[in-house]
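Subject: A structure for you to look at

Hi there,

I am handing over a structure that I have been reading through, and I hope you enjoy it. Please have a look at it first; my notes follow below.

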Amino acid sequence: MDFDFQTLAFLGFAAVAAIAALAAITARNPVYAVLWLVLTFFSVACTWIVGGVEFLGIALVLVYVGAVMVLFLFVVMMLDMDKAPMREGYVRYLPVGLVVAAVMLVQMLVLIGVRSALQAPLAENAAVAAGVPNTTWLAHALFTQFMLPFEVAAVILTVAVVAAVMLTLRRRPGARHQNPSEQVRARASERVRLVKMQAEVPAMPAQPEEGAQ
C-alpha cells in the first residue's frame with residue numbers, strides 16, 4: 001500500500017494523540033495530566049487540519065488549548081488535593097480498569113470492522129464537492145440537518161457544568177461565602193451611617209521665644 005506525505009502526517013499526528021491521551025489518563029500528577037491533554041488536543045487539531053477541516057482545527061486550538069485547558073491548569077494547581085488516597089485508589093482499581101478498557105476496545109473494533117475500514121476508501125470532502133468553504137458547509141449542516149443533536153449536546157454540557165460545580169462545591173471552616181439572598185435584602189440604612197461632626201482646627205505648635213536657646 002502506497003502512502004503519500006499527507007497520509008503519513010495524518011498517521012503520525014494520530015499516533016501522537018493516542019499516546020498523549022494514554023499518558024493523560026495514566027499520569028498520577030494532575031498537572032502533568034492536563035499538560036498531556038493539551039498535547040492530545042493539539043495533535044487532534046493537526047489531524048483535522050491535515051484532513052482539510054481547517055476551521056475545526058483552529059477552533060480546537062483557540063478554544064480548548066488556548067482557553068479551556070489553561071483554565072483547567074490553573075484550577076488544578078489551585079486545588080488542595082490529597083494525592084495519597086488518589087494513588088492508592090489508582091493502583092487498587094487499575095487491573096479492573098484495564099480489563100474493562102480491553103473489552104471495550106475489542107467491542108469497538110468489532111463494531112467498526114477493521115477489515116472493512118481498511119478496504120473502504122475515505123469519503124470525499126463534502127465542502128469541496130459542494131464548492132463552498134468548509135466553514136460555510138459546516139454552519140449550514142450544523143444548523144439545518146443536525147440542529148436537534150446540536151441543541152441536545154448544549155443541554156448535556158450545561159447539565160454537566162452544573163453537576164461538576166455541585167460535586168466540587170465544599171464548605172470549609174473559616175472560609176467566607178456569599179449569600180445572594182442576604183445581599184439582595186440589604187438596606188442602605190443598615191449598612192451606612194451618616195455622622196455629623198463639628199470641624200476641628202488643629203492647634204498650632206507653640207513658637208519659641210526670641211532669644212531662647
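Helices (H or I, at least four residues) and strands (E, at least two) are DSSP runs, numbered from the N terminus. Ser 43, for instance, lies in helix α2.

A word on where this comes from: the model is predicted, so local features need pLDDT of at least 70 and side-chain atom pairs count only at pLDDT 80 or more, while totals for chains, interfaces and linings use all residues. Residues are numbered from 1 along each chain as its sequence is written, and side-chain values use heavy atoms, with hydrogens and water left out.

**Overall picture**

The protein has 10 helices and zero strands, giving the pattern α-α-α-α-α-α-α-α-α-α along the sequence. Buried residues (under 20% relative accessible area; exposed is over 50%, partly exposed in between, with a 1.4 Å probe and protein chains only) account for 11% of the 213 residues. The accessible area (Shrake-Rupley method, 1.4 Å probe; for residues, only the protein chains shown count as cover) comes to about 18400 Å², and carbon and sulfur atoms supply 69% of it. Taking contacts (heavy atoms within 4.5 Å) between residues at least 6 apart in sequence, 54% join residues at least 24 apart.

**Confidence**

The average pLDDT (the predictor's confidence in each residue, from 0 to 100) is 76, and 75% of the residues score at least 70. Where pLDDT is low, the predicted coordinates should not be read in detail.

**Helix α2**

This is the helix I would show you next. The 21 residues of α2 reach 30 Å from the first C-alpha to the last, close to the 30 Å expected at 1.5 Å a residue (the expected span is 1.5 Å times one less than the number of residues). Its buried residues are Pro 30, Ala 33, Val 34, Thr 40, Ser 43, Ala 45, Cys 46 and Thr 47. After α2 comes Gly 52, with a positive phi near 95 degrees.

What does Ser 43 touch, leaving aside its neighbours within four places in sequence? Ser 43 is in contact with Phe 13, Val 16 and Ala 17. Ser 43 counts as buried because its relative accessible area is 4%.

α2 (residues 30-50) also gives four residues, the largest share, to a nonpolar patch. That surface patch is formed by Val 16, Tyr 32, Leu 35, Trp 36 and Leu 39, with about 460 Å² of accessible area together. Patches are made of residues with over 30% relative accessible area and no salt bridge: like charges are joined within 9 Å, and nonpolar side chains (Val, Leu, Ile, Met, Phe, Trp, Tyr) within 5 Å. A salt bridge is a side-chain nitrogen of Lys or Arg within 4 Å of a carboxyl oxygen of Asp or Glu.

**Two pairs across the sequence**

Gln 6, in helix α1 (residues 5-26), is partly exposed at 44% relative accessible area. Gln 6 and Val 50 are 44 residues apart in sequence and 6.8 Å apart in space, C-alpha to C-alpha. Thr 136, in helix α7 (residues 134-142), is partly exposed at 43%. Thr 136 and Phe 55 are 81 residues apart in sequence, with 9.9 Å between their C-alpha atoms.

Best wishes
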